[in-house]
Amino acid sequence: LPPPLNAVSSRPQIISITPSTITASPQEVTIIGANFAATGNEVFVPSEGPGAFSNIASPDTTTLRFTLRVTAAGLIKSQLANNPDREGLIATILQNMRIGKEPGILTTQIPLTLTVKNEHGESSTAPITLDMASILQK
């Protein structure tokens, strides 16, 4: 049997994400949307493991706030914390991680998508960007 017509409309919906570009880790992120559960929301970020951002409350069922930590950036920063050539090593890492968004244009901004899952289902994906140059240099 097909799901009831209202089943699709009751899934979580992401309207906006602020900030849309992550420039620090950790960084507070706000998702505005619809059909969030009062408790038990989970935000999926592909760069992080399952359950990294779980049991997030939304008292008004339209706003989610959580602290996004970029695990890879934290590991790099901790390894370089006491290195006297920290800045030079970060510059080398950033140069080697540049990816092409368009032919001939390289960037350290990594596009990702978020989804929200709760008792009502799973949202469509919504885009965010990790600005690795900013994250690593802070």
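Biologist: Is Gln27 buried or exposed in this model?
Modeller: The model is predicted, so local features need pLDDT of at least 70, side-chain atom pairs count only at pLDDT 80 or more, and totals for chains, interfaces and linings use all residues. Residues are numbered from 1 along each chain as its sequence is written, and side-chain values use heavy atoms, with hydrogens and water left out. Buried means under 20% relative accessible area, exposed over 50% and partly exposed in between, with a 1.4 Å probe and protein chains only. Gln27 has a relative accessible area of 15%, and therefore counts as buried.

Biologist: Which residues is Gln27 in contact with, leaving aside its neighbours within four places in sequence?
Modeller: Contact here means heavy atoms within 4.5 Å. With those sequence neighbours set aside, the partners of Gln27 are Pro19, Thr21, Ile22, Phe66, Thr67 and Leu68.

Biologist: What is the order of the strands in the open sheet of 3 strands?
Modeller: Strands are DSSP runs (E, at least two residues), numbered from the N terminus, and two of them pair if DSSP finds at least two bridges between them. β1 and β3 (residues 27-34) run antiparallel and are joined by 5 bridges, with Gly33 in β3 as the bridge partner of Ile14. β1 (13-18) and β5 (63-68) each have a single partner strand and stand at the edges, so one side of each lacks a neighbour in the sheet. The pairing is antiparallel and the order is β1-β3-β5.

Biologist: How far apart in space are Pro111 and Thr129, C-alpha to C-alpha?
Modeller: Pro111 lies in strand β8 (residues 109-118) and is exposed, at 53% relative accessibility. Pro111 and Thr129 are 18 residues apart in sequence, while their C-alpha separation in space is 4.5 Å.

How values were computed:
Helix = DSSP H or I, 4+ residues; strand = E, 2+ residues; numbered from the N terminus.
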